[in-house]
Amino acid sequence: MALRSASIRWITVTAVTAAAAVAVATLATACTVERYEPRFPADTSRAANEADAATLPTPNLVRRVAFRVPLESEVADTVMLRSVRRGRALLRNTRDSLRSYVGNRLQCVSCHALDGTQQNAMPWVGVYARFPQYRARSGYVQIIEDRINDCFKRSMNGRALIPESREMRDIINYFAFLSLGYPQGAEVVGQGIPPVAPLPGNEARGRAIYASKCAVCHGVNGQGTQTAPPVWGPQSYNVGAGMTRVRTAAAFIKELMPQNAPRTLSAQEAYDVATFINKKPRPDFKTKERDWPRGDPPPDVAYQTNAARAKARGR
Ligand code: HEC
Ligand code: HEC
């Protein structure tokens, strides 16, 4: 709208001058209105556009599609396949491959099970088609690089990867591979984790559950063992990570843990043990107060945000 009126005004001003200026104005009109402003198609082509549109599926329609993990044999190009495999290797061995970007003892696949191909376990299947996406936590439209770097900075307690780096390209290429055939904006059956209705968690009960069902793999002090990564302490995910929210942790634990007997905990047990774990010390996340800049944090965020504080004060 603004673009259009600006160029029209400009035509009026230049109309009195030489033909050369008119030619420039025509060019400007062509560029701003016809090429970049799809809401104002040129009158001559409107009928044609509408005829075309009638043959296309309705845009912006979020479709729910079945979960299917693409096969490597669907990648015909060998250069692409090598990059996909490098991306997967980085997600499996994040700490050893990207030492200066990881600040704890986790790998990306410590939470995104089976290389991100497990349904209901925050799979990366179809994820490339879910971005760009508005995220309330950041308050802006994120591209997939932003989302990946959120997990580097928070879940991995590390640093953002350089967006143009080969590593970022390989990781994204692996995600694009896992999204082969998924329409843009599609909701994939089994994306995310099934939510568990909120219950008040009890720390003392959680401690007992941890000792009997988790400590064998994650260690009595939560610091991890040869078998499993830490769940609290300096080598764990930080305060700003999604897993620090008790609802996310409870849903993850209920669906995936104990790893040798998943889906055996009750909802109450999942909330109890999640509450216990999330009350334990873990690394801080420096800029956490700037999260949810529009003042809409979910109720289980473990810290105060600037925007929520301002809102409470009545702006
Ligand atoms: C401590 C657990 C944890 C680790 C480790 C972790 N993530 Fe995540 N990740 C999450 C959670 C929680 C979410 C949010 C899931 C949701 O909203 O359903 C998430 C979401 C994502 C998403 C968006 C998924 C979607 O469907 O929109 C991407 C992409 C992602 N993570 C990439 C990574 C990468 C890359 C790494 C390693 C650098 C990593 N994650 C490590 C917990 C983790
Ligand atoms: C048999 C071993 C085992 C048991 C028992 C077990 N886990 Fe895990 N857990 C793992 C492994 C292994 C991973 C990492 C995922 C992977 O590498 O496949 C993991 C990952 C996790 C994670 C995300 C990554 C991290 O370290 O932060 C959390 C949280 C977690 N487990 C919590 C629990 C809780 C709570 C229990 C008890 C109810 C539990 N686990 C029981 C093996 C186990």
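Biologist: Hi! Where does Pro258 sit in this chain?

Modeller: Hello! Pro258 is in the loop between H11 and H12. Keep in mind that this is a predicted model.

Biologist: Noted. What kind of peptide bond runs from Met257 to Pro258, cis or trans?

Modeller: The bond from Met257 to Pro258 is cis, and omega is near -10°. A cis peptide bond also joins Phe131 and Pro132, where omega is about 0°. Pro132 is in the loop between helix H6 (113-116) and strand S2 (133-135).

Biologist: Back to Met257 and Pro258. Which residues are closest to ligand 2?

Modeller: Met257 and Pro258 are among them, together with Cys214, Cys217 and Ala228. In total, 25 residues surround ligand 2.

Biologist: And which helix gives the most to that shell?

Modeller: H10 does, with three residues. Helix H10 (215-218), helix H11 (246-256) and H12 each supply at least two residues.

Biologist: How does the shell around ligand 2 split by class?

Modeller: There are 18 nonpolar, six polar and one charged residues around ligand 2.

Biologist: Where does ligand 2 lie relative to the domains?

Modeller: Ligand 2 lies between domain 2 (64-188) and domain 3 (203-278), because both of them give residues to its shell.

Biologist: Okay, on to ligand 1. How many residues surround that one?

Modeller: Ligand 1 is surrounded by 26 residues. The closest are Cys108, Cys111, Cys151, Gly192 and Gly242. By class, its shell has 16 nonpolar, eight polar and two charged residues.

Biologist: Which domains does the shell around ligand 1 draw on?

Modeller: At least three residues come from each of domain 2 (64-188) and domain 3 (203-278). As for helices, the largest share is four residues from helix H7 (residues 144-153).

Biologist: Tell me about H7, then. Which of its residues are buried?

Modeller: Ile144, Ile148, Asn149, Phe152 and Lys153 are buried in H7. What they pack against is helix H8 (166-177).

Biologist: And what about the loop between H7 and H8? Is Ile162 there buried or exposed?

Modeller: Ile162, which lies in that loop, is exposed, because it has 12 other C-beta atoms within 10 Å and a residue with 12 or fewer counts as exposed.

Biologist: How far is Ile162 from Tyr101 in space?

Modeller: From C-alpha to C-alpha, Ile162 and Tyr101 are 9.9 Å apart, while 61 residues separate them in sequence.

Biologist: You mentioned H8. At what angle do H4 and H8 pack?

Modeller: Helix H4 (residues 78-92) packs with H8 at an angle of about 105°, and their axes are 7 Å apart. H4 is therefore roughly perpendicular to H8.

Biologist: Which residues in H4 meet H8?

Modeller: On the H4 side they are Met80, Ser83, Val84, Arg86, Gly87, Arg88, Leu90 and Leu91. The H8 residues they meet include Glu167, Arg169, Tyr174 and Phe177. By class, the contact of H4 with H8 has seven nonpolar, three polar and five charged residues.

Biologist: What about H9 and H12, at what angle do they cross?

Modeller: Helix H9 (residues 203-213) and helix H12 (residues 267-278) cross at roughly 95°, and their axes come within 7 Å. H9 and H12 are therefore roughly perpendicular to each other. In H9, Glu203, Arg205, Gly206, Arg207, Ile209 and Tyr210 meet Glu269, Asp272, Val273, Thr275 and Phe276 in H12. The residues of this contact divide into four nonpolar, two polar and five charged.

Biologist: New topic: backbone angles. What is phi of Asp115?

Modeller: Phi of Asp115 is near 55°, which is positive in a residue other than glycine. Asp115 lies in helix H6 and counts as partly exposed, with 18 C-beta neighbours inside 10 Å.

Biologist: And Trp292, where does that one lie?

Modeller: Trp292 is in the loop between H12 and helix H13 (306-312). Its phi is also positive, about 45°, although Trp292 is not a glycine. Trp292 counts as buried, because it has 20 C-beta neighbours inside 10 Å and 20 or more is the cut-off for buried.

Biologist: Last one: how many helices and strands does the chain have?

Modeller: The chain has 13 helices and four strands. Buried residues make up 30% of its 315 residues. Among contacts between residues at least 6 apart in sequence, 64% join residues at least 24 apart.

Note on methods. Residues are numbered from 1 along each chain as its sequence is written. Chains are lettered from A and ligands numbered from 1 in the order in which they are written. This is a predicted model: local features need pLDDT of at least 70, side-chain atom pairs count only at pLDDT 80 or more; totals for chains, interfaces and linings use all residues. Axes are lines fitted to C-alpha atoms, for helices over the stretch in contact, and angles run from 0 to 180 degrees between N-to-C directions. Angles under 35 degrees count as roughly parallel, over 145 as roughly antiparallel, 65 to 115 as roughly perpendicular and the rest as oblique. Two residues are in contact if their C-beta atoms, placed from the backbone, lie within 7 Å. Ala, Val, Leu, Ile, Met, Phe, Trp, Tyr, Cys and Pro count as nonpolar, Asp, Glu, Lys and Arg as charged, and the others, Gly among them, as polar. A residue is near a molecule or strand if its C-beta atom, placed from the backbone, lies within 6 Å of it. Domain bounds come from an automatic or database domain assignment.
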